[in-house]
Amino acid sequence: MNKVTLMTPGPTEVSKEVLSAMAKPITNPDLDRDFFDFYKSLCDKFNRLVSHEGDSLILSGEGILGLEAACASLIETNDRVLCIENGIFGHGFGDFVDIYGGEKVYFHGNKRRGIDLNELENFLEKDNDFKVATLVHCETPSGITNDIEGICKLLNKYDIISVVDAVSSAGGELVLVDKWGIDILIVGSQKCLSAPPGLTPISISSRANKKMRNRKESIKSFYCNLLIWDNWYKEGFPYTQPVSNLYALDKALDIALERDNLYIEHKKIGEALRYAIEKSELELYPQDSYSNTVTTIIKPENVNFDRLFEYTIKNGIMIAGAFAELEGKVIRIGHMGMGCCKNMVYEALRLIREGLNEQGVIIGNIEDGFLNELESL
Ligand SMILES: *Cc1c(COP(=O)(O)O)cnc(C)c1O
């Protein structure tokens with residue numbers, strides 16, 4: 001298979017530098033003290049990225065592991081948990097709450113808009129007896145970024161512990177963990193960080209730590225139990241670490257931390273892309289709170305997504321559709337991490353336009369619209 005450039009909203013393209021880091025010799029991570037220091041420095045780099053001072057871990061598993069581990073470690077039987085949702089990932093948190101015996105209560109937002117802070121405020125005024133709340137920064141399938149700063153401010157008023165899925169936003173959108181009072185932040189290696197899939201950086205506040213430690217019930221998991229990491233620096237890792245993936249993440253974090261104007265670049269690319277779509281015959285799925293890491297476009301009727309997908313693949317770029325209730329309804333372009341790149345977005349737009357054209361849907365020149373707008377920003 002020819003090399004295809006990934007413009008999917010994760011996994012994203014991985015640079016040669018990051019791939020080369022995986023080719024470094026393997027050590028024994030349980031015995032090599034230098035590796036302990038390396039792992040510690042990796043956590044420090046992650047902390048720097050998300051402005052956190054305190055505990056963090058790099059879990060050996062894809063982002064979902066972080067979501068489940070946060071729920072498993074925090075929730076006890078009958079704990080009331082508020083699941084703030086306006087999309088597929090926000091809704092999915094409720095399943096983990098069920099598994100670990102919590103009592104889930106949904107706050108439903110509009111699926112095409114960001115969570116409305118006034119509505120949430122009114123909701124919480126009437127009912128705020130929650131131990132934990134779950135929320136999503138960027139709803140990747142719909143391309144919506146929620147105001148987690150505003151939401152966490154409301155949650156903190158009632159001392160509710162926040163679990164924030166920032167898998168597809170951290171590294172592309174500004175996240176200030178400590179300033180915004182986020183208790184657990186979950187990030188993915190394969191999205192904005194443009195590292196290979198398989199790792200979940202996670203930050204843990206002292207309040208979340210306290211809740212885990214003061215549990216009456218034991219945590220009903222081993223792999224998802226965040227406390228098995230206690231004193232890892234002195235006593236060793238709870239299981240053998242995926243050395244090569246961690247080397248790759250280290251390099252990817254260096255690249256992200258060195259990139260000047262990381263968030264401004266993502267914002268500009270996102271804005272220019274949306275401008276081009278809005279000026280065309282196509283329609284964006286979100287109606288506000290647009291993500292700067294992924295753009296979701298409503299698929300024109302009568303367009304066969306698989307055929308469009310094949311067209312773009314054949315020409316060297318992979319774009320994405322979506323799943324669950326959005327399956328077959330939208331076209332998505334990831335523009336996060338390495339994908340936050342003028343030329344790559346230009347090519348993706350050109351191929352989408354051509355692919356639609358091939359199916360009889362004629363639209364204006366979105367790629368030039370994008371480029372012109374980007375240059376004016
Ligand atoms: C990618 C992603 C995850 C991880 O889920 P996968 O479907 O396994 O990739 C979790 N949350 C969000 C918001 C994501 O974008």
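Arg-80 and Glu-103 form a salt bridge, with 3.7 Å between the closest N and O atoms; the term stands for a side-chain nitrogen of Lys or Arg within 4 Å of a carboxyl oxygen of Asp or Glu. Arg-80 lies in strand β3 (residues 80-85) and Glu-103 in strand β4 (residues 103-108), so this pair ties together parts that are 23 residues apart in sequence. Helices (H or I, at least four residues) and strands (E, at least two) are DSSP runs, numbered from the N terminus.

Please keep in mind that this is a predicted model, in which local features need pLDDT of at least 70, side-chain atom pairs count only at pLDDT 80 or more, and totals for chains, interfaces and linings use all residues. Residues are numbered from 1 along each chain as its sequence is written, and side-chain values use heavy atoms, with hydrogens and water left out.

## Salt bridges

- The structure holds 23 salt bridges.
- Lys-157 sits in helix α6 (residues 148-157) and Glu-121 in helix α5 (residues 117-126), so the pair ties together parts 36 residues apart in sequence.
- Within that pair, Lys-157 is exposed, with a relative accessible area of 52%, while Glu-121 counts as partly exposed at 27%.
- Glu-375 forms a salt bridge with Lys-342, and the closest N and O atoms are 3.8 Å apart. This one links distant parts of the chain, with Glu-375 in helix α14 (residues 366-376) and Lys-342 in helix α13 (residues 342-358), 33 residues apart.
- Glu-375 is exposed, with a relative accessible area of 55%, and Lys-342 is partly exposed at 36%.

## Helices α2 and α10

- Two packed helices are described by the angle between their axes and the distance between the axes.
- Here, the axes of α2 and helix α10 (residues 243-258) come within 10 Å and cross at roughly 35 degrees. The axes are lines fitted to C-alpha atoms, for helices over the stretch in contact, and angles run from 0 to 180 degrees between N-to-C directions.
- The α2 and α10 crossing is left-handed, meaning that the near helix is turned anticlockwise from the far one by less than a right angle.
- On the α2 side the contact (heavy atoms within 4.5 Å) includes Phe-35, Phe-38, Tyr-39 and Lys-45. On the α10 side, Leu-246, Tyr-247, Asp-250 and Asp-254 are among the residues that take part.
- The residues of this contact divide into 13 nonpolar, no polar and four charged.

## Nonpolar cores

- The largest nonpolar core has 86 residues, of which Ile-184 and Leu-185 touch the most other members. Such a core is a set of buried Ala, Val, Leu, Ile, Met, Phe, Trp, Tyr and Cys residues joined through side-chain atoms within 4.5 Å.
- Helix α2 (residues 33-50) supplies the largest share of this core, nine residues.
- Beyond its neighbours within four places in sequence, Ile-184 is in contact with residues including Ala-70, Leu-74, Val-164, Ile-202, Met-212 and Leu-226.
- A second, separate core has 30 residues, among them Met-7, Ile-319, Ile-331 and Ile-363.

## A buried alanine

- Ala-72 lies in helix α3 (residues 63-74) and is buried, with a relative accessible area of 1%.
- Ala-72 and Cys-224 are 152 residues apart in sequence, yet 6.2 Å apart in space, C-alpha to C-alpha.
- Leaving out residues up to four places away in sequence, Ala-72 touches Tyr-100, Arg-215, Ile-219, Ser-221 and Cys-224.

## Backbone points to check in your viewer

- Most residues other than glycine have a negative phi, and most peptide bonds are trans.
- The peptide bond from Gly-10 to Pro-11 is cis, with omega near -10 degrees, and Pro-11 lies in the loop between β1 (5-6) and α1 (16-21).
- Ser-51 has a positive phi, near 55 degrees, and lies in the loop between α2 and β2 (55-59).
- Asn-78 also has a positive phi, of about 70 degrees; Asn-78 is found in the loop between α3 and β3 and is exposed, with a relative accessible area of 59%.

Technical notes:
Buried means under 20% relative accessible area, exposed over 50%, partly exposed in between (1.4 Å probe, protein chains only). Ala, Val, Leu, Ile, Met, Phe, Trp, Tyr, Cys and Pro count as nonpolar, Asp, Glu, Lys and Arg as charged, and the others, Gly among them, as polar.
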